[in-house]
Amino acid sequence: MSTEYNYDDQGQFFPFFFVTVAGLVTLPVTYSLLRPSKDLENTAPRIQSSYEPEHADLIEGQRRRQKRRERKLKRMIVAAAGWTFMALMIYLMSVTARSETKIWDPYEILGIPMSATEKQIQSRYRRLSITMHPDKAQPDASKNETAEDINGRWVEVIKAYKALTDEDIRNNFIMYGNPDGKQSTSFGIALPQFLVTEGNGKYILLIYGALLGVLLPYFVGRWWYGSQKMTKEKILVTSAGNLFKEYSERLDKNGIIYALSSGAEYADILKGHKADTGSGQLEKRVLAENEASLLSSVLAEKDRKKLQELDDGVRRKTLALLWAYLGRVELDDATLNEEKYELAPTAHRLNDAFIPMALAFGFTMPVLHAYTTSQSLIQAMPPDSPPLLQLPHFSLDAIKKIEEAAKTEYHRHLTVQGFMDLPEQSRRDMVKSAGISPQQYESAVTVARQLPRLVVERTFFKVHGEKYIIPSSLVQFVVKARFIPPGAQDVPAVKPSDLEDIDVEEFDSNGRRISQSEVKQHQPPLAHAPYFPRDHSPRWHLFLGDTRQNKIAVPPFTFTTFDKPILDEAGKPTYNVQTLKMQFQAPPQPGQYKFQMQLLCDSYVGFDEKVDVLLTLDDPSKAEEVAEDDDISEPEEDTIAGQMAALRGAPTAADAKPKTERRKRVAAADEESDSESGTDEDEETESETDTDTDTDEE
């Protein structure tokens with residue numbers, strides 16, 4: 001059987017080809033655009049504030065540019081063009097006439113049923129010959145018929161008649177579906193004819209060569225190179241190497257700022273003439289000795305020398321801009337002001353990448369300093385600055401006066417919580433003497449009362465399902481805490497039941513266990529950071545440290561969402577007790593182990609919690625003795641857990657009851673025997689105290 005390929009000379013199939021090709025690109029791009037964002041910054045509520053810092057337009061401009069990048073404008077254009085092109089092709093499909101292949105049917109041609117006999121077929125053929133024979137039929141002018149049309153119809157009638165009466169022709173029709181025998185098969189190729197027209201082959205080969213030999217290797221190489229030069233923390237490999245070189249066990253907070261200036265990412269921001277433009281004026285402002293400057297008491301002599309001795313122009317300007325951002329230094333040049341805000345998110349990303357490096361060495365102080373550096377970058381405050389700088393309208397001069405008035409109660413900087421704990425009238429008198437207007441004070445207090453301050457209510461260690469903690473067991477460190485904003489009033493007391501952590505398996509209506517990932521999580525508001533040109537969702541880092549060795553005993557667990565609502569529908573605090581858990585393996589030897597719990601927020605200064613905790617590990621033999629003495633306690637048969645235990649073949653409460661009764665009868669018999677013999681034995685006047693795995697260290 002021969003094969004005939006029809007190259008769409010009538011334009012019937014090529015729209016299908018183009019729709020398919022365009023769909024392969026358009027559909028994935030559209031999905032990536034419509035897929036809901038899982039970034040915390042896009043789903044968290046916001047702290048309400050009308051405060052606008054100086055250069056708010058520059059900061060907002062940075063945020064808008066970042067959001068445009070997140071919206072993926074290029075993908076939007078590609079998706080719009082793709083759907084437009086596909087719509088055009090679909091329109092062509094709908095309006096283009098198509099030739100339809102009709103099945104050849106002799107019964108239909110003769111107009112007889114398939115049950116007709118040979119006599120009926122012959123009779124029908126004779127009647128048709130009277131009207132349709134070319135010698136008798138005349139062309140119908142109204143239908144634009146010609147003599148050729150009449151001849152063609154009569155030929156079909158003859159073929160149909162012979163297909164039903166002639167044995168050879170009938171066999172052809174039965175075997176091949178056509179009285180003429182085997183026919184060629186026609187395939188309609190969905191390609192435009194110009195692609196296969198003679199003479200165009202060289203151009204087609206040229207296009208294929210460009211696609212497969214140039215563009216494809218270019219995009220694959222670009223992807224591969226990009227993936228190889230970036231770390232999993234989304235920083236350049238060169239920057240990671242530079243940060244590693246700057247690490248030191250004795251690295252202080254200012255040293256981390258210096259280390260962050262070594263990132264290679266800044267070269268893209270300060271490229272070309274930007275690396276040197278305005279550097280002299282910038283350093284003069286940063287290094288100025290001024291009591292009103294936030295940096296005058298922060299930058300030590302060694303920090304000033306580090307800046308002045310740098311030979312790399314990009315890094316030198318980067319370090320100066322970072323200090324200008326942290327010190328909220330006003331620069332007369334609008335370009336310099338814009339650059340100092342543009343560098344801040346990059347420094348924060350580098351700091352996030354520096355934390356895993358510090359954790360790999362295991363020393364506590366560099367990790368703590370990295371977390372506090374995150375707070376400084378988000379709040380645009382130098383290290384060890386007064387926490388009240390986080391509140392709107394509170395300048396350094398005003399804070400000094402407020403802290404001087406409260407010096408009898410606070411020996412260091414006054415925290416936001418400490419300020420809000422003062423009586424209302426005292427606060428008003430302080431801010432009035434500091435030059436803060438009543439309207440500015442109300443604005444600051446409104447923000448303070450919305451800050452998510454996490455207060456620890458209880459801490460303890462436990463082992464899931466066990467009464468005692470033994471060496472090398474899998475231990476959970478549980479923290480019970482509440483979000484209590486500074487200045488909160490009428491805070492309800494904590495219910496004792498909320499401070500417990502009972503091991504209860506939760507099941508849905510179908511008896512399926514509910515995993516922790518299925519529990520709805522709740523986010524705190526976005527960080528109130530008017531100077532940071534990005535939206536940032538606060539993160540809380542919890543870890544255990546060994547104060548004697550200055551080492552981290554249990555690496556940090558990070559919490560961004562919580563299992564209970566933080567705010568109600570009206571935006572008011574719920575004061576729900578939140579549960580934070582971190583799991584680790586206990587030391588291999590029994591005894592008491594002292595740790596220091598650190599709970600730090602990466603977005604706010606002065607909200608950190610530090611608690612000394614004690615882990616007691618009992619000897620395994622003690623736990624075994626208690627296990628032997630305890631009665632079997634199994635789930636009831638009428639509960640879901642009991643039914644599941646029965647299916648597994650485990651003992652239930654009904655199975656345990658006879659054993660308990662036998663123990664009671666044996667104990668009663670022994671007691672009766674003792675009384676009859678008249679033997680007095682020493683009784684324990686004090687029962688042995690069970691080891692409580694819940695260690696409270698407030």
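The largest nonpolar core of this predicted model holds 119 residues. Those with the most contacts inside this core are Phe394, Ile402, Phe419, Phe461, Phe477, Leu544 and Met597. Helix 15 supplies the largest share of the core, eleven residues. Apart from this core lies another, of 15 residues, with Trp104, Ala116, Tyr125 and Leu128 among them. In soluble globular proteins, nonpolar side chains tend to be buried together.

Take Phe394 as a way in. Leaving aside neighbours within four places in sequence, Phe394 is in contact with Leu388, Leu389, Ile399, Ile402, Phe419, Val431, Ile436 and Ala444.

Now step back to the whole chain. The protein chain has 698 residues, of which 40% count as buried. There are 23 helices and nine strands. Among contacts with a separation of 6 or more, 72% join residues 24 or more positions apart.

Next, the helix pairs. Two packed helices are described by the angle between their axes and the distance between the axes. Helix 15 covers residues 334-361, and helix 16 covers residues 364-379. Their axes come within 9 Å and cross at roughly 170°. Angles over 145 degrees count as roughly antiparallel, and helix 15 and helix 16 are therefore roughly antiparallel to each other. On the helix 15 side, the contact is made by Ala347, His348, Asn351, Phe354, Ile355, Ala358 and Leu359. On the helix 16 side, the residues are Pro366, Val367, Ala370, Tyr371, Thr373, Ser374, Leu377 and Ile378.

Helix 16 also packs with helix 10. Here the angle is about 70° and the axes are 9 Å apart. That makes helix 10 roughly perpendicular to helix 16. Lys253, Ile256, Ile257 and Leu260 of helix 10 meet Pro366, His369, Ala370, Thr372, Thr373 and Leu377 of helix 16.

Helix 9, residues 237-246, has Ser239, Ala240 and Leu243 as its buried residues. Seen down the axis of helix 9, they fall within an arc of 100°, so they line one face of the helix. These buried residues pack against helix 10 and helix 15.

Helix 13, residues 301-308, can be read in a similar way. Which of its residues are buried? They are Asp303, Arg304 and Leu307. They cover an arc of only 100° around the axis, which puts them on the same side of helix 13. They pack against helix 10, helix 12 (279-286) and helix 14 (313-326).

In an unreviewed entry, UniProt lists residues 12-34, 73-94, 203-225 and 353-371 under "transmembrane region". Compare two of these spans with the model. Residues 73-94 are 100% helix and 0% strand, with end C-alpha atoms 32 Å apart. Residues 353-371 are 89% helix and 0% strand, and their end C-alpha atoms are 11 Å apart.

Two loops between strands complete the tour. Phe607 lies between strand 8 (591-601) and strand 9 (609-617). Is Phe607 buried or exposed? Its relative accessible area is 5%. The cut-off for buried is under 20%, so Phe607 is buried. Not counting residues up to four places away in sequence, Phe607 touches Val416, Leu451, Pro452, Arg453 and Pro486. Phe607 and Gln417 are 190 residues apart in sequence, yet 8.3 Å apart in space, C-alpha to C-alpha.

Ser472 sits in the loop between strand 3 (454-462) and strand 4 (474-483). Its phi is positive, about 65°, although Ser472 is not a glycine. At 39% relative accessibility, Ser472 counts as partly exposed.

How values were computed. Residues are numbered from 1 along each chain as its sequence is written. This is a predicted model: local features need pLDDT of at least 70, side-chain atom pairs count only at pLDDT 80 or more; totals for chains, interfaces and linings use all residues. Side-chain values use heavy atoms; hydrogens and water are left out. Buried means under 20% relative accessible area, exposed over 50%, partly exposed in between (1.4 Å probe, protein chains only). Helices (H or I, at least four residues) and strands (E, at least two) are DSSP runs, numbered from the N terminus. The arc is that of the directions from the helix axis to the C-beta atoms. Contact means heavy atoms within 4.5 Å. A nonpolar core is a set of buried Ala, Val, Leu, Ile, Met, Phe, Trp, Tyr and Cys residues joined through side-chain atoms within 4.5 Å. UniProt positions are given in the numbering used here, feature names are shortened, and annotations may be inferred rather than shown by experiment. Axes are lines fitted to C-alpha atoms, for helices over the stretch in contact, and angles run from 0 to 180 degrees between N-to-C directions. Angles under 35 degrees count as roughly parallel, over 145 as roughly antiparallel, 65 to 115 as roughly perpendicular and the rest as oblique.
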